[in-house]
Every structure is written in C-alpha cells, then in structure tokens.
Amino acid sequence: MCGIVGYTGPNPALSRIIEGLRRLEYRGYDSAGVALIEKPASPLQVVKRAGKLANLESELVKNSEANTGIGHTRWATHGGPTDENAHPHIDGSGKLAVIHNGIIENYLELKRELERRGHKFTSETDTESVAFLLAEEFKVVNDLAEAMRLVCKRLKGSFTLLAIHSDVPGLVVGARRNSPLVVGVGTGENFLASDVSAFISHTKSALELGQDEIVSVTSSEVKVMNLAGESVSPKAYEITWDAKAAERGGYSHFMLKEIFEQPKAIADTLIGRITESGLITLPEIEKLNLDFDRILILACGTAYHAGLIGKYALEEWSKTPVDVELASEFRYRNPVLSKKTLVITISQSGETMDTLMALRHAKSLGASTISICNTIGSTIPRESDAVLYTHAGPEIAVASTKALLTQIVAIYLLAMNFGKEKAGVDLKKIATELLSLPNKVEEILETVEPLREMTRGYKDATSVLFLGRQVGYPAALEGALKLKELAYMHAEGFAGGELKHGPIALIENGTPVIAIIPSEESEIAAKMKSNIQEVIARGAKVIAIADSSVKIDLPTIIRIPTTLDLLQPILAIVPLQVFAYEMAVARGNDVDQPRNLAKSVTVE
Ligand code: AGP
C-alpha cells in the first residue's frame, strides 16, 4: 500500500515524480506529497495534501527547477488521511525528507526516545521518527546511505523508505524490508519506485533489490549494500511490457479495460506451455522436488478464490489431496506440514504481506514452494523454490480481474502437469478446452451489453446473494467479493447445498440472487435448478449464469459457452465482474480506486 517514487537526473524531477505517482496511485490514494531539492544546503520544497493526487497537483508550482526529489501516495495506517500525516516527513532543519510504505512497529518507543532528545513531532505517523533518526545519524556519519543503514538496523516491521537531503543534492537513498522497491535504470537518470509502472515510459531496465538492502542512486550510478554494509550486486531485468499497457487506452476505467484484456491474458498464460495434443511444458518447475503427497494453497482475497477454484481440478487430475487456506490464518497457527507438502502461493502483486509471511512459515516447516504470480521479480516469487508467472500484464484497477482468471489457468497447468500419466485424465481433451477459453471469454464480452443495462436496474438493491455448487461455489464467493469492494453493497456467496441450512432466511421479496449453473449433463445442474426454485418461491429475483446447454425457463438468463465443468469458473466469473463493475458505475463509485482499499496489501 502506498506508492513511492524517487528521481534524480537532468530532467525536471517534479514532472517525472508526478507522472510516476499517477501510475502508482492505485496503491494508495488518501493523500499525496512531494519533496524536491530546489537549492543545495537549503530547506527542501515540500508540498503535501490530503485526498487524491489531483489535490496535490493543483497546489504545485509547475516550474520547479529541481532535478532530484521524492513523491508519495498514501494508504493511511497510522494517523488519518490529513495534510500533516501525508508524506514526505521532514526533520527539524527541513533539509531532509523521508517517504515510507509499511509499518514501523517500534515507532512509539523510537518517538519517545526522540522526544526526550527534543524533537517535535507534527504528525501521528510511524514515519516521522525515521526522519528524525536519519537526520541524527547523518549529522554523525555525513553519508546518507550509511545513515539509512544504521537507522534500518533499529527499525522493526516492514518498510520501503526513500530519503533525500539537500546537503547531498543529486542523491536519493532507499531501503526495503518486506515491502517492494525497484530501481529504474535510465540514460543519465535513475528512478526508485514501488513498481516499474512508475518509470516504464522512461526506461525498461530495472534492478531487483533484496531483503534489507540499502540503495543509493545518483544520475549516473546505482550502489547497493546489505545491512552489514557489504556491497551487493542487484539482479538486472528488462520489463516486457510498455507504457501503453499501463494506460486506460480509451476505456472509461482500468477495470473495464482489464476485463476486456482477459482473452489475451489467458492466451499469454498458456502460450508455450501447452499444445493441442495435451503436451505440457513447464520448465519453471523442472528442478523442484515433485515428490509430494499433499498440496496446500495459500493466498488472500481474490487470489484465495483462485486457489479454491483450482483445488477441484488440481485434486481430480493430480490425484493428490489439496487444501486451500487464507494466508493470514495460516501464518499464525502451527500447521502440520512435511517435506512432502507442496505449498502453492498465489499473488498478483507478489508483495502481499500475509501471503509472504505464510510462504516463509511454510518454508520454515520444510515444505517445497511454488508461487503463481503476475509481477516479475517481486518478493514472493523471489523467495519461492519455483515460480509460474501468469503474464497477464499490469493490473492497475484495485479490483482483480485478469489476474484472477490467469491464476486459475496457471493452476490448471500445474494440475495437468501433475496429472500426467494419471488414470482417467484426458490431457488432450483438457488442453483443447483450455486453448478454446480465450475465444469463449471473447464471445461473452461481445454479448455483454444487455447484462450491463440490466445491472443498472438493481442499483438500489440492499443486498445481493450469489449461489453456486462445486466450482461454482468459489466463483459465487468471488462474485460477492467484487460487488462488496466496488459497489459497497452487502453481498454474500453461498454453496447451493447450504441454502436451507440458514442463508435462505435472507431472501426477501425482490432480493437479487445470482445463480451459476454448469452444463445440463452435470448432476449439479439439477440441484442448482432446485435451489433457484426455492429462492423464487420466497420472492427472489434470479439472474442465472448458465451454460448454454442448460434447459431452464427464467426471465433473466446470461448464457455462457459450454466448457468442461471444472473450467467453467473462467467463463462464469466474467459476467460477475461486469455486474460488479456496472453496479459501481451506476452507484457513482470510484471504480478503479474503491474506498478504503489499495491494490497491494503490503501491511498486515
Ligand atoms: C481483489 O479484487 C482484491 N482487491 C484483493 O482481494 C486481492 O486479490 C488480494 O489483496 C490479494 O492480492 P495479491 O494477489 O496481490 O496477493
């Protein structure tokens, strides 16, 4: 949470930083600020404002001469979203500024100590202590990177920190622990940022920074050291997508664009990994110990739903027991894991704190680990034994769409790989179906207009229920999550079989119920039809998302193409995404940056 950009080079720092912050605003958007070195050895120019980045932009002096600076968009943890709590935070002299993503867990202790030494705090944040500590150390060692190293040794918690000091103009120093920070290496200019989208229009060359590393960046040089003060060579990589991919490209919202990118995203996840004849090639996991007798999937939010959906195919094709657990729950218990447990973590960002901590917990218990991830070089894949990248391209909207579908596809690929030569697994048939999914999603998107129109008719509903069975159940959970986060409506997903065990009491006259029905051949179809009759009898207005083979007579049916029942969520989820999107628009909500949320949850 929080977007961070640092720049130094021959160009105006302010415009580079604001451009970067615009691209990072999805990470946090309750306040924003910049600090610029206008004149050596003089107080910095610091401007910060509560609210969206636009509020800050309207305050800025556009013709700043500064060539070095830092900028921040915030998702508040300590202290509300006010001008005072916005970053950057400065030391008493006004010559040093710090921005921070994460939580400094021992900040109160540090604050008391600093107050005893006469420092006056002006914010309620955990970050301000770092500014004072850094200024104290800088006074002693006269080296900003070394001062940062000494300060980091005293900090507990998770952080990305960037700092500038006007006594060393042309230098930006950064540090990271359990929170993202990448270097963008330009020509005669360099960047530090939470993710590569901040500098993608200026350079595609990036450097990965490891855990507890300190980086110093000038216009011509990047130096990295570890907490022990030893020099480290960062791993370089090239970004494979361009600035256009991180722009709205004519769509009214990033979410809509990303929904429409799903056919391509699925195709890109499959490319080179599967053939029509069912041959699976996953070189990424070749070196992994595949002698496992149990699979455990760990993830959060929508990625957790990908795990719940994938479990069915993974278990059926690999013939191995599969459990799926919320990473945030797993990390705080003492699970029974062995060397024969394969742990799969799923994360779009690769930086979700709970998933990262769950991964470390699983590793400490001896499990082998694979991550399914969309962000190259992020922490979770770096710390896993193997990684299967989803290649969905940048996902900017806070609500996850294309990342989810490609995560599910990645699990299918693993399931097929583990199911090679297992009795009753027809890999050729599965492969043919998988390869046809991009066209089938395309077909749904081409006929989605009536659904959009119909959704607006439900805009005043107080609650929406989602029903599914088998793989349709986690798909229903995802439909409900999307609606909550985007439309701010009460929404629940239920397993059809559970309806009579309690949830049916929620049905009132006119309650919208979205029911997912698999193909007519599936025994689940008949059960779902019974559930639908039960809720209709109690006044519900049902919207069925039904395989095109299903025989049912209802006023509102969204037909989706036929596929294998285990693969159906890939298709059924698309109308659910569109429903949530349209509902958010109809209710006047901010689709891409829903209230209280941030794209990447890098704090607990
Ligand atoms: C989905 O729409 C969410 N915004 C959220 O649940 C997200 O999927 C979750 O925070 C996990 O993120 P990750 O995939 O980056 O780990």
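Me: Hi! Which residues are closest to the ligand here, and how many surround it?
Reply: Hi! In this predicted model, 14 residues surround the ligand, and the closest are Ser 347, Gln 348, Ser 349, Thr 352 and Glu 485.

Me: What does the side chain of Ser 349 do with the ligand?
Reply: An N or O atom in the Ser 349 side chain is 2.7 Å from an oxygen atom of the ligand.

Me: And how far from a ligand oxygen are Thr 352 and Glu 485?
Reply: A polar side-chain atom of Thr 352 lies 2.4 Å from an oxygen atom of the ligand. For Glu 485, an N or O atom in the side chain is 2.4 Å from a ligand oxygen.

Me: Nice. How much of the ligand does the protein bury?
Reply: The protein buries 91% of the 410 Å² that the ligand exposes when taken alone.

Me: Which elements give two or more residues to that shell?
Reply: Those are helix H8 (301-318) and helix H15 (472-487). The largest share, three residues, comes from H8.

Me: What about Cys 373?
Reply: Cys 373 is in no disulfide either, and the nearest cysteine sulfur, that of Cys 300, is 13 Å away.

Me: Is Cys 373 buried or exposed?
Reply: Cys 373 counts as buried, because its relative accessibility is 1%. Cys 152 is buried too, at 1% relative accessibility.

Methods
Residues are numbered from 1 along each chain as its sequence is written. This is a predicted model: local features need pLDDT of at least 70, side-chain atom pairs count only at pLDDT 80 or more; totals for chains, interfaces and linings use all residues. Side-chain values use heavy atoms; hydrogens and water are left out. A residue is near a molecule or strand if one of its heavy atoms lies within 4 Å of it. A polar contact is a pair of N or O atoms within 3.5 Å; within protein, one must be able to donate a hydrogen and the other to accept it, and residues adjacent in sequence count only if both atoms are side-chain atoms. Accessible areas come from the Shrake-Rupley method with a 1.4 Å probe; for residues, only the protein chains shown count as cover. Helices (H or I, at least four residues) and strands (E, at least two) are DSSP runs, numbered from the N terminus. Buried means under 20% relative accessible area, exposed over 50%, partly exposed in between (1.4 Å probe, protein chains only). A disulfide is a pair of cysteine sulfur atoms within 2.5 Å.
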